[in-house]
Amino acid sequence: MALLRGVWGVLNSLGKSGADLCAGCGSRLRSPFSFAYVPKWFSSSLSGYPKKPMTSYVRFSKEQLPLFKAQNPDAKNSELIKKIAKLWRELPDSEKKIYEDAYRADWQIYKEEINRIQEQLTPSQMVSLEKEIMQKRLKKKALMKKRELTMLGKPKRPRSAYNIFIAERFQEARDGTSQVKLKAINENWKNLSNSQKQVYIQLAKDDKIRYYNEMKSWEEQMMEVGREDLIRRSIKYPAKNDPEKF
C-alpha cells in the first residue's frame, strides 16, 4: 500500500485510468534502477503526488506556530516548539479529539485512494512505479530532515582550520579585493608557516567548543519536547590539546 502513495491523486489530476499507464512506456530510470521502465508522463508528474495526512499533533503544531511567532517574533523556533509541545500536553482530551478525528478522516480517504489505484495497476507497473516513488521519497526525506533540523535550530557543525581559511579567502574574492581561485587557495594554505596555520587551528578549536556547548543546550531542549530521536547516542568532547589535522 505505502509503495503507491498518492498515485491515485496523480492519475485523477491527469484524467488517466490504470490502463493508460501502458501508454508511453519506454523511458528508463537512471541507475541504480535502470532496468525498470516507467511511463514518461508519470515520471514528469510524480512530484505532485499527495502526502500522507498530518498526525493530530503535527496538525496542531502547524496551526499554532504562526500564532506563537507573531506573539514572540524574536524567539527561536526550538523555543516556540517547546511551548507548543507543552500546550499540546495540557490540551483537554475533548479538544485533542478534534485533531485526532480529522487525522482519522484524512487517513481513511488516503487509504481509499491507494486501494483504488492499486486495483488498476498490473504487477509490472507497480514495480516500475515503486522504483520511481522510492527514489523521490528518499530524496525528499533527506531534504525534509535537513529542513526540520534547521527549523529546530540545530547548531552548525564546527569548521576545520582549513575550512576557516578557505571561507576567509573566498570572502576576499567576493569583496573584490583579489581574484582568488580554489587552486590558488590550496597552494596558499600549503605555503603557510606553522605559526600562520596556528591562528586558524586555534579558531577551529574555539569553534569546536562553541559547537559542543550549543549542542548540549539544544539536545536538552529536544529532550524536553520529546524528540529523543534527535539526540546523539555518543558524544565526543574535544581534547584540550587536540591537534588539527590537515
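**Close-up views of the predicted model**

**View 1. Around Glu-228.** Setting aside neighbours within four places in sequence, Glu-228 is in contact (heavy atoms within 4.5 Å) with Met-222 and Met-223. Keep in mind that this is a predicted model, where local features need pLDDT of at least 70 and side-chain atom pairs count only at pLDDT 80 or more, while totals for chains, interfaces and linings use all residues. Residues are numbered from 1 along each chain as its sequence is written, and side-chain values use heavy atoms, with hydrogens and water left out. Glu-228 sits in the segment after helix H9 (194-224); helices (H or I, at least four residues) and strands (E, at least two) are DSSP runs, numbered from the N terminus. How accessible is Glu-228? Its relative accessible area is 44%, so Glu-228 is partly exposed (buried is under 20%, exposed over 50%, partly exposed in between, with a 1.4 Å probe and protein chains only).

**View 2. The chain as a whole, for orientation.** Nine helices and two strands make up the secondary structure, and along the sequence they run α-β-β-α-α-α-α-α-α-α-α. The chain has 246 residues, and 30% of them count as buried. Of the contacts with a separation of 6 or more, 70% come from residues 24 or more positions apart.

**View 3. H3 crossing H5.** Helix H3 (residues 56-71) and helix H5 (residues 93-120) have axes that come within 8 Å and cross at roughly 115° (axes are lines fitted to C-alpha atoms, for helices over the stretch in contact, with angles from 0 to 180 degrees between N-to-C directions). On the H3 side, look for Ser-56, Arg-59, Phe-60 and Glu-63; they meet Tyr-99, Glu-100, Ala-102, Tyr-103 and Asp-106 of H5.

View 4. The 16 residues of H3 should span 22 Å at 1.5 Å a residue, and the end C-alpha atoms are 23 Å apart, which agrees (the expected span is 1.5 Å times one less than the number of residues). H3 still bends by about 30° at Gln-64, with Pro-66 following within four residues; the bend is the angle between axes fitted to the seven residues ending at a residue and the seven starting there. Buried residues of H3 include Phe-60, Leu-65 and Phe-68. What do the buried residues of H3 pack against? Their partners are helix H4 (77-90), H5 and helix H6 (123-151).

**View 5. Arg-89 and its neighbours.** Arg-89 belongs to helix H4. Leaving out residues up to four places away in sequence, Arg-89 touches Lys-96 and Glu-224. Tyr-57 is 32 residues apart from Arg-89 along the chain, and their C-alpha atoms are separated by 9.8 Å.

**View 6. Ala-204 in helix H9.** Ala-204 is found in H9 and is buried, with a relative accessible area of 0%. Its C-alpha atom is separated by 9.9 Å from that of Phe-165, 39 residues apart along the chain.
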